[in-house]
Amino acid sequence: MSKDELNIKDNTSLFKEERYVQQRENKKQFEAPCSEQETAEALAYSKSAEYMEKNFNRQNVVINPHKACQPLGSVMAALGFEKTLPFVHGSQGCNAYFRSHLSRHFKEPTPSVSTSMTEDAAVFGGMNNLIDGLENSVALYKPEMVAICTTCMAEVIGDDLNSFIGNARIKGVISEEYPVAYCNTPSFVGSHITGYDAMIKGILSYLYTRSGIESKPGSGAESGEKLNVMLGFEPYTGNFAELRKILAAFDTKYTILGDHSGNYDSPATGEYEYYYGGTKLEDVPQAANALGTLSLQKYTLKKTQEYISGTWNQQISALSTPLGIKGTDKLLEAISELTGLPIPASLTEERGRVVDALMDSHPYLHGKRVALVGDPDLLIGLIGFCLETGMEPVHIVCSNGDVDYNELKFKDEAEALLAASPYGSEATVHVGKDLWHMRSLLLNDTVDLAIGSSHLKFAAKDADVPLIRVGFPIFDRHHMHRYPIIGYQGTLNLLSLIVNTILQQLDDNNSGFNFELVR
Amino acid sequence: MGLNIEDNKKLIEEVLEAYPKKAKKDREKHFQVATDNAIDCGTCAVKSNIKSRPGVMTPRGCAYAGSKGVVWGPIKDMVHISHGPVGCGQYSWGSRRNFANGTLGIDNFTAMQITSDFQETDIVFGGDKKLAVIMREITEMFPLAKGISVQSECPVGLIGDDIEAVSKKMSKELDMPIVPVRCEGFRGVSQSLGHHIANDAIRDFVMGRAELAETGPYDVNIIGDYNIGGDAWASRILLEEMGLRVIAQWSGDGSLNELEVAHKAKLNLIHCHRSMNYMVDHMEKAYGIPWLEYNFFGPTKTYESLRAIAALFDTTIQENCEKMIAKYKPVMDAIINKYRPRLENKTVMLMIGGLRSRHTIGAYEDLGMDIVASGYEFAHKDDYEKMLPMLEEGTIIMDDPTAYELEELTRKMNIDLVGSGVKEKYVYHKMGVPFRQMHSWDYSGPYHGFDGFKVFAKDMDMTVNSPVWDLVTRKEKMEPEEASI
């Protein structure tokens with residue numbers, strides 16, 4: 001046996017072999033493909049200004065949108081609470097998709113059940129499915145709370161979760177005391193971030209109301225000193241760790257409301273446990289007595305913030321994802337203001353080190369034209385980071401950017417941020433647009449770098465622009481979510497990612513004489 | 001625990017104890033332990049293709065996943081509209097790894113998410129008008145698209161939109177095939193009905209609509225190969241080397257024209273019988289095309305299948321077949337000689353879609369591995385009946401097993417390798433049990449044919465024998481120490 005024959009080639013190289021190239025050519029006679037000329041012309045046309053105009057004029061078809069649906073966010077939100085089982089009321093395929101999608105991003109299991117509604121439930125309603133589902137899931141997976149969200153099917157037929165859960169109690173499937181939180185999350189409204197918000201609000205209001213506690217902000221020796229913190233639809237488990245580090249440096253007590261980092265960063269110990277970490281259920285009503293609440297995704301957490309400031313009567317400090325030096329400064333100032341504690345020297349020192357790193361790298365970043373894609377709060381953070389390094393945001397696409405916070409619209413805030421810097425003068429913010437729009441933008445007005453999720457890789461490749469993977473979902477790179485991108489440390493991580501991509505590009509595109517040793 | 005009938009029956013009983021009465025009674029019907037008697041007569045008592053219990057973490061998906069995700073999605077030169085809210089199309093976007101040649105967004109639309117992105121107003125007023133505009137816009141955005149399919153999501157069926165009427169009208173206006181597919185997720189009990197609905201739509205809207213310039217005696221179709229990681233290419237190359245002419249490949253790397261000319265073939269070769277048996281049955285009745293189920297996983301089954309295929313043709317093909325087997329056998333033997341000693345007697349548990357739990361058994365056996373439990377997500381009775389004779393006495397057969405059942409069985413049966421999907425994968429990583437995603441080849445492949453078996457053998461060895469599993473600190477090893485403190 002020759003060595004060559006035992007050489008095992010997989011799809012990365014196998015199909016480049018001549019015999020497969022021939023196969024590909026031969027198959028075309030049955031495909032009735034367009035001619036090479038037609039394809040080349042269509043490709044060129046798709047890159048033209050004329051095409052771009054048509055692309056931006058389309059009214060109804062959506063091509064490669066950068067958003068998922070509400071209940072996916074709700075599942076992630078439910079996993080932020082201790083021993084809580086996400087429970088999806090509707091057709092079971094949705095649940096299978098949420099579990100796959102989240103698992104592909106985090107490379108971790110996503111425990112979640114469905115009521116498996118079929119045709120009969122479409123006609124008669126899904127109450128029996130919900131009651132049986134509660135009985136089975138509580139027996140099998142022994143959660144301490146079930147958190148129910150709906151799919152579009154349950155919403156279209158108008159299933160009433162509150163009365164169904166009540167009937168489950170009457171039937172004795174679950175006890176009167178057993179906690180079942182819920183929210184309505186039709187997929188034809190909002191996106192994954194609104195669904196996240198709906199479930200967080202659902203859980204907070206449910207646990208608070210049933211506790212009988214009356215909120216007294218800042219009261220109580222123990223609980224009153226605490227700060228509440230919400231990270232929102234957070235695809236980075238590393239961001240939770242970074243925030244804990246910052247809060248520990250402040251030496252403040254705090255409760256993270258919705259902490260899925262345990263579930264999405266659990267150890268391999270030889271036993272699977274279903275539930276890892278999460279906000280303790282008994283901490284939720286106590287959180288109503290905290291001094292104030294810090295939100296790190298103000299657009300995402302709109303309704304939860306309204307609930308906390310309204311019902312809990314608490315001071316809210318609502319930011320967007322704290323990226324970059326100034327973003328982190330704002331975060332520390334907000335913590336300081338809410339708690340009355342000074343900014344710790346250790347963090348100021350860390351700031352200095354990261355500023356030093358930015359100085360070292362700035363020549364490679366300055367003037368780099370960047371395209372950005374993501375959820376609204378992430379984009380606000382990214383825009384800020386780019387501007388403070390001398391990078392120039394050019395194209396900004398936010399498929400789910402049609403949200404406001406306290407009458408501040410995402411688009412307006414993004415544009416104001418850009419207008420305040422000379423590096424933002426070329427930027428355009430596209431709300432409600434998709435990645436096919438972004439493709440036209442990249443092809444017609446080129447940039448040096450694209451920053452966004454794995455879904456942006458297709459448009460970036462067509463435009464031959466390197467992609468820095470940031471956001472959700474990241475399917476095609478490993479462990480990115482384990483490294484924080486918030487705080488000073490996160491800023492350093494993001495900086496390293498970007499500057500080293502640029503340096504790699506310099507090496508890849510060298511002309512021989514400038515394949516340099518020192519950069 | 002291994003292949004002892006009584007032990008395994010008891011084991012199943014123990015596992016099912018955790019269920020409430022009603023669910024337990026249902027779940028009992030979905031298990032069987034293979035006995036000699038059952039294996040000989042091929043009667044499978046396992047209940048299948050019936051509803052999953054609510055609240056049990058079923059691995060199953062929905063009809064939309066079966067139609068858009070599996071059957072229609074890989075037809076590369078058509079645009080498939082995920083008609084309804086944004087989610088379904090988003091989650092099925094490029095995640096099944098069915099490779100296709102062509103330029104994405106120009107003459108290949110497979111790894112794209114094209115959706116009507118329903119909003120509340122569409123639910124209230126209906127999405128019909130919008131759908132017609134979307135179709136026009138698709139022809140503007142994608143001038144080389146050969147056709148359009150409408151993949152209905154749940155709300156479309158519930159609000160009663162007439163996608164058939166819109167498709168018919170627009171098909172005339174745009175002068176291209178437009179196929180309405182009623183694959184709403186709530187229909188049926190799993191992906192399986194979606195396959196059926198998708199097949200019916202192919203039958204009704206595209207089958208027999210084009211002719212081949214010339215036909216020949218060796219014209220065959222590959223049916224039910226989705227080209228995961230390039231599987232269909234690694235299969236096709238063998239059929240062509242044998243002298244057959246593959247005129248259509250369904251649906252991995254498939255094209256509209258191949259769907260339309262397939263009725264001219266002399267023989268249908270079907271790999272995934274579960275998802276496309278409806279098609280070969282129809283083509284047999286309507287066009288008199290005989291069909292043969294084949295299996296290109298592992299050399300033993302591949303030789304068997306190649307010979308069975310050749311037997312339906314003349315001596316030229318038969319001689320070519322033997323020549324080809326003689327050519328590849330030494331390579332396959334060398335692969336087995338290399339990997340079998342590392343994998344001999346390792347126990348395997350499989351829980352895959354509707355075919356591979358059966359079709360991959362031979363490939364594992366070629367490597368000396370023992371299947372001790374095997375089940376499907378969405379198979380039907382005939383799939384179980386075909387699987388039964390391939391199993392050893394004492395093997396556990398399970399239908400639509402829940403996450404809980406799989407985990408308990410893995411714990412109690414001392415499994416060396418679990419083969420299932422991404423929802424299961426990371427659970428077994430926590431448990432320290434070697435795992436391969438057998439829906440998607442875990443981002444590897446191909447696994448079909450001779451080129452594919454090399455990759456399969458290498459991947460199984462890599463997985464089972466990776467030193468990383470030894471790094472997992474198992475609790476049972478920890479506890480005595482803790483107790484002694």
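Colleague: Which residues is A:R369 in contact with, leaving aside its neighbours within four places in sequence?

Modeller: In this predicted model, A:R369 is in contact with A:E392, A:V394, A:E426, A:D445, A:T446, A:V447, A:D448 and A:L449. A:R369 itself lies in strand 10 (residues 369–373) of chain A.

Colleague: Why is A:R369 called buried?

Modeller: Its relative accessible area is 16%, and buried means under 20%, so A:R369 is buried.

Colleague: What makes the pairing of the side chains of A:R369 and A:D445 a polar contact?

Modeller: The distance is 2.6 Å, and the cut-off for a pair of N or O atoms is within 3.5 Å.

Colleague: How many aromatic pairs does a search of the whole structure find?

Modeller: Over all chains, 32. Among them, A:Y299 and A:F410 are 6.0 Å apart, centre to centre, with 90 degrees between the planes.

Colleague: Why are helix 15 and helix 20 of chain A called roughly parallel?

Modeller: Helix 15 (residues 345–365) and helix 20 (residues 487–508) of chain A pack at about 15 degrees, with axes 10 Å apart. Angles under 35 degrees count as roughly parallel, so these two helices are described that way. The residues making the contact include A:L347 and A:Y364 of helix 15 and A:Y488 and A:L506 of helix 20.

Definitions and conventions
Residues are numbered from 1 along each chain as its sequence is written. Chains are lettered from A and ligands numbered from 1 in the order in which they are written. This is a predicted model: local features need pLDDT of at least 70, side-chain atom pairs count only at pLDDT 80 or more; totals for chains, interfaces and linings use all residues. Side-chain values use heavy atoms; hydrogens and water are left out. Helices (H or I, at least four residues) and strands (E, at least two) are DSSP runs, numbered from the N terminus. Buried means under 20% relative accessible area, exposed over 50%, partly exposed in between (1.4 Å probe, protein chains only). A polar contact is a pair of N or O atoms within 3.5 Å; within protein, one must be able to donate a hydrogen and the other to accept it, and residues adjacent in sequence count only if both atoms are side-chain atoms. Contact means heavy atoms within 4.5 Å. Rings of Phe, Tyr and Trp (its six-membered ring) pair if their centres lie within 6.5 Å; planes under 30 degrees apart count as stacked, over 60 as edge-to-face and the rest as tilted. Axes are lines fitted to C-alpha atoms, for helices over the stretch in contact, and angles run from 0 to 180 degrees between N-to-C directions. Angles under 35 degrees count as roughly parallel, over 145 as roughly antiparallel, 65 to 115 as roughly perpendicular and the rest as oblique.
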